[in-house]
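Subject: Structure handover and notes

Dear colleague,

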Amino acid sequence: MRTTSFRILLLSSLALLTTGCDSLFFIEAEAEEICKTERDLSFPAALPLTVNVERSFTFPLGDFADPLPEETDVETELRLRLFEVTADTDLSGVERASVSVRQPGSNDTHVIGEYTRTSTAPTRTIQLTSTGTVDLLDLAREPELEFIFDARGTLPSEDWSAAVRACAGVKAHANYFDLVF
């Protein structure tokens with residue numbers, strides 16, 4: 001009787017593996033919102049014919065990846081929740097802006113937020129909206145990321161500073177069968 005039960009269990013397991021049901025077994029970690037505020041980021045005065053300014057800063061993930069096993073590939077989803085720039089000068093000349101993410105030391109960037117001017121009224125704050133979830137393999141293993149803010153248009157002609165607040169949600173997913181087999 002035990003031999004029959006063992007054979008049934010073995011055949012059932014084999015059937016699950018051959019039909020692609022390995023996606024039923026996974027490990028997942030999620031941080032709904034990680035935020036960072038950078039105060040007093042300085043930007044240079046725009047010289048004549050200058051059309052863009054770029055500034056980068058690190059964004060911490062902390063120990064987010066600790067529960068994830070080291071031996072397997074991890075699919076990571078990153079979604080921008082908030083990216084707001086508040087300056088000490090008028091930003092109404094900024095026509096477009098974007099925020100991208102990359103792993104420190106990498107040149108490979110992924111746009112995660114965008115802004116397009118809708119009014120010429122004076123404003124000191126611009127808020128970028130999410131472009132959707134970005135899937136990046138093994139992104140969660142990094143303790144921090146680099147966010148790159150790029151603004152285009154008629155930029156302030158004097159030195160200026162801004163506070164930047166960024167919030168992002170991160171989800172990581174690892175296939176359990178990569179660990180077992």
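In what order do the elements of the protein run from the N terminus on? They run α-β-β-β-β-β-β-β-β-β-α, which comes to two helices and nine strands, where helices (H or I, at least four residues) and strands (E, at least two) are DSSP runs numbered from the N terminus. Please bear in mind that this is a predicted model, in which local features need pLDDT of at least 70 and side-chain atom pairs count only at pLDDT 80 or more, whereas totals for chains, interfaces and linings use all residues. Residues are numbered from 1 along each chain as its sequence is written, and side-chain values use heavy atoms, with hydrogens and water left out.

To begin with the protein as a whole, 38% of its 181 residues are buried, a word that stands here for under 20% relative accessible area, with exposed meaning over 50% and partly exposed in between (1.4 Å probe, protein chains only). The accessible surface comes to about 10,800 Å², and carbon and sulfur atoms hold 50% of that surface; such areas come from the Shrake-Rupley method with a 1.4 Å probe, and for residues only the protein chains shown count as cover. Of the contacts (heavy atoms within 4.5 Å) with a separation of 6 or more, 84% are between residues 24 or more positions apart.

On the surface, a patch of negative charge is formed by E28, E30, E32, E33, D73, E75, E77 and D135. A patch of this kind is made of residues with over 30% relative accessible area and no salt bridge, like charges being joined within 9 Å; Asp and Glu count as negative and Lys and Arg as positive, while His and the chain ends are not counted, and the place of a charge is taken as CG of Asp, CD of Glu, NZ of Lys or CZ of Arg. The elements that give two or more residues to the negative patch are β1 (26–43) and β3 (74–87), and β1 gives the most, with four residues. D135, which is also in the patch, is found in strand β7 (residues 134–137) and counts as exposed because its relative accessibility is 58%.

Strand β1 also holds D40, which has a positive phi of about 55° although it is not a glycine. Most residues other than glycine have a negative phi. D40 is exposed, with 66% relative accessibility.

How many salt bridges does the count come to? With a salt bridge taken as a side-chain nitrogen of Lys or Arg within 4 Å of a carboxyl oxygen of Asp or Glu, the count comes to three. Another salt bridge joins E38 to K36, the closest N and O atoms being 2.9 Å apart, and K36 counts as buried because its relative accessibility is 18%. The side chains of R152 and D150 also meet in a salt bridge, at 3.2 Å, N to O; R152 is partly exposed, with a relative accessible area of 40%, whereas D150 is buried, at 11%.

- E146 lies in strand β8 (residues 144–153) and is buried because its relative accessible area is 16%. Leaving out residues up to four places away in sequence, E146 touches S56, F57, T58, S100, V101, R102 and P104, and its C-alpha atom is 8.7 Å from that of P60, 86 residues apart along the chain.
- S98 has its place in strand β4 (residues 94–102) and is buried, with a relative accessible area of 17%. Beyond four places in sequence, S98 touches G113, E114, L128, I148, F149 and D150.
- D88 is found in the loop between β3 and β4 and is partly exposed, with a relative accessible area of 44%. Apart from neighbours within four places in sequence, D88 is in contact with R124, W160 and S161, and the C-alpha atoms of D88 and D159, 71 residues apart along the chain, are separated by 9.8 Å.

With best regards

Technical notes: Patches are made of residues with over 30% relative accessible area and no salt bridge: like charges are joined within 9 Å, nonpolar side chains (Val, Leu, Ile, Met, Phe, Trp, Tyr) within 5 Å.
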